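Thanks for making time this morning. I would like to talk through the charged side chains in this model and how they pair.

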Amino acid sequence: MKKIENSFVVTGFVPKDAEIRQFTNTSVARFPLAISRQEKNGDETSRISALMSMEAWRKKENAGSFDQLTKGTLLTVEGYFKPEEWSDKDGVKHNRIVMVATKFYPAVEKEEAPAESEEKPKKGKK
């Protein structure tokens, strides 16, 4: 049987400062990450963007890494998906997927390539 890996790596901007909560032995930071990519449809190129909700847990003594989670920071985030289920006061079941960040670090900025260089060279028959 093949092993299925539950992990992700994504790069984006932190659009607002993280919300940090401190508990007795741990701290959690919840923050959005703005991601985007270019899509080409014929001659038209557009940027598709989305906000992803992240959370990161640290032992209290390691919470200093949360200092990076400030508005405008370009980060690469690594982590895993955590499903959550709960019932509300009316007994209605809900679920969501939480993206848990196990690592985050400053991303290496890449220059955007012109749209022409993104096309693959065409192979011609001889």
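Let me begin with accessibility: a residue is called buried under 20% relative accessible area, exposed over 50%, and partly exposed in between, with a 1.4 Å probe and protein chains only. By that scale Lys-103, at 45% relative accessibility, is partly exposed, and Glu-78, at 21%, is partly exposed too.

Please keep in mind that this is a predicted model, in which local features need pLDDT of at least 70, side-chain atom pairs count only at pLDDT 80 or more, and totals for chains, interfaces and linings use all residues. Residues are numbered from 1 along each chain as its sequence is written, and side-chain values use heavy atoms, with hydrogens and water left out.

A salt bridge here is a side-chain nitrogen of Lys or Arg within 4 Å of a carboxyl oxygen of Asp or Glu, and by this rule the model has seven. One of them joins Arg-30 to Glu-55, at 3.3 Å from N to O. Arg-30 belongs to strand E3 (residues 26-41) and Glu-55 to strand E4 (residues 44-59), so this pair ties together parts 25 residues apart in sequence; strands are DSSP runs of at least two residues (E), numbered from the N terminus.

Because Lys-82 lies in strand E5 (residues 74-87) and Glu-55 in strand E4, the pair links parts 27 residues apart in sequence.

Terms used. Helix = DSSP H or I, 4+ residues; strand = E, 2+ residues; numbered from the N terminus.
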